[in-house]
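Open the model in a viewer that lets you select by residue number. The stops below are meant to be followed in order.

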Amino acid sequence: MRPAIVDEFDPPFVLNEPAAQTIPFVFNAPHAGAVYPASFLAASRLDAVALRRSEDAYVDELFASVTELGAPLMAARFPRAYLDLNREPYELDSRMFDGRLPPFANTRSMRVAGGLGTIPRIVADGQEIYHARLPVDEALHRIEWLYKPYHRTLRQVVRRTADHFGHAVLIDCHSMPSSSVSRDDGTRADIVLGDRYGTSCAGLLIDIVEAALRERGYAVVRNKPYAGGFITEHYGEPALGRHALQVEINRALYMEERSMAKRAGFAILAEDLFQAFHQVIGDIEGELTTRRIAAE
C-alpha cells in the first residue's frame, strides 16, 4: 500500500507533453512545486509564506509554452522545502531524524552541512523548518514514493528522447533570489547558465543559449554563483549525446519576492523565453548534426 503522502499531492508531479515530440529537448522544473499539505504545515514551525522562500515560484508557468515548440515539460508539485529533487537521493542530516539512517546515506556533504539536503532542514533564508525531529521512516517514504518515481520518469523521458533523436538536451529550469546575484560594482545578472564549468553539455549549446538571451536584453553570466546541481551533473553526459544545462532566472524580473505576487513583466519574460528557445532550437538544428553534438 502506498503511503498517504502520495495522495496529498495528487499527483506528485506532472509531465506535460506535446502531441508529438519534434525536438530533442526536455524541460524540467524540479523546484516549482507549490502544494503544501496540512500535515507538512503542522510539522513546520514556519507558515506557508515563509516555506515558499525556497520555491522556484511560477517557473513551470514561465516555461509552459515549450510544449508548443515540440518539447515535454516535467514539473514537481511537492515543494522543495519538503523534498529537494536536485540532491542525491539520500543526502540526509542525521540530526533531523529519530532513528538510524541507512548506512549508505550521505550525511557529510556540504549541502547537508548547510541544511539543504534531500530533506531540507532550513528554507532558503536560513530559518529552521521543523518543530521537532522527523521519524526516519518519514524521510525514507518521501524518497521512495516521491523522489525515485520523479527521477525514474525524468530518466525515461531523456532516454526516450536520446533514442529517438540520437541525442537529448535537458534544460533544468530554476529561479534565484535577486540578492544572490547582486554585485558591488552595480552590474546585474538576470540569468545564470550552469554547465558544471563545461562538463555537462556541449560548449556550442551554452554559447547559443547565452546569445539568444543576450539578444533579448538579458544580462547573462555562467556558473557563478550557480554551476548546476545534482540534475545537471548526473544527467549531463556529453560523450553519450546527453546534454544538461541549468537556467537560473532572477526572480525580481517577474515577481515581488516578498509577497510572491507576479509582476507585470511576467508575460514579457515568458514570451522572451519562448522566443529565445525557439531560436536556440533553430540554431542547433542548423549548425549541429547529431554526430557533432553527440561527440563534442
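**Stop one: the nonpolar core**

Select Phe25, Phe27 and Phe63: among the 45 residues of the largest nonpolar core, these three touch the most other members. A nonpolar core here is a set of buried Ala, Val, Leu, Ile, Met, Phe, Trp, Tyr and Cys residues joined through side-chain atoms within 4.5 Å. Buried means under 20% relative accessible area, with a 1.4 Å probe and protein chains only. Helices (H or I, at least four residues) and strands (E, at least two) are DSSP runs, numbered from the N terminus.

The model is predicted: local features need pLDDT of at least 70, side-chain atom pairs count only at pLDDT 80 or more, and totals for chains, interfaces and linings use all residues. Residues are numbered from 1 along each chain as its sequence is written, and side-chain values use heavy atoms, with hydrogens and water left out.

Show what surrounds Phe25. Not counting residues up to four places away in sequence, Phe25 touches Ala71, Pro72, Thr161, Val169, Ile171, Leu205, Val280, Ile281 and Ile284 (contact: heavy atoms within 4.5 Å). Apart from this core lies another, of 42 residues, including Ala50, Leu101, Tyr130 and Tyr147.

Select strand S3, residues 73–76. Which side chains lie on each side of S3, and are they buried or exposed? Leu73 and Ala75 are on one side, Met74 and Ala76 on the other, and all are buried. In general, side chains in a regular strand alternate between the two faces of the sheet.

Val14 stands opposite Ala75 in S3. Strand S2 (residues 25–29) pairs with S3 in the parallel sense over 3 bridges, and Phe27 stands opposite Leu73.

**Stop three: Val26**

Stay in strand S2 and pick Val26. Val26 counts as buried because its relative accessible area is 1%. Beyond four places in sequence, its contacts include Gln21, Pro72, Leu154 and Val157. To Gln246, 220 residues away in sequence, the C-alpha to C-alpha distance is 12 Å.

**Stop four: His31**

Move to the loop between S2 and helix H2 (38–43), where His31 lies. His31 has 2% relative accessibility and therefore counts as buried. Its side chain makes a polar contact with the side chain of Asp84 at 2.6 Å. A polar contact is a pair of N or O atoms within 3.5 Å; within protein, one must be able to donate a hydrogen and the other to accept it, and residues adjacent in sequence count only if both atoms are side-chain atoms. Leaving aside neighbours within four places in sequence, His31 is also in contact with residues including Glu55, Arg80 and His174.

Definitions and conventions: Buried means under 20% relative accessible area, exposed over 50%, partly exposed in between (1.4 Å probe, protein chains only). Two strands pair if DSSP finds at least two bridges between them.
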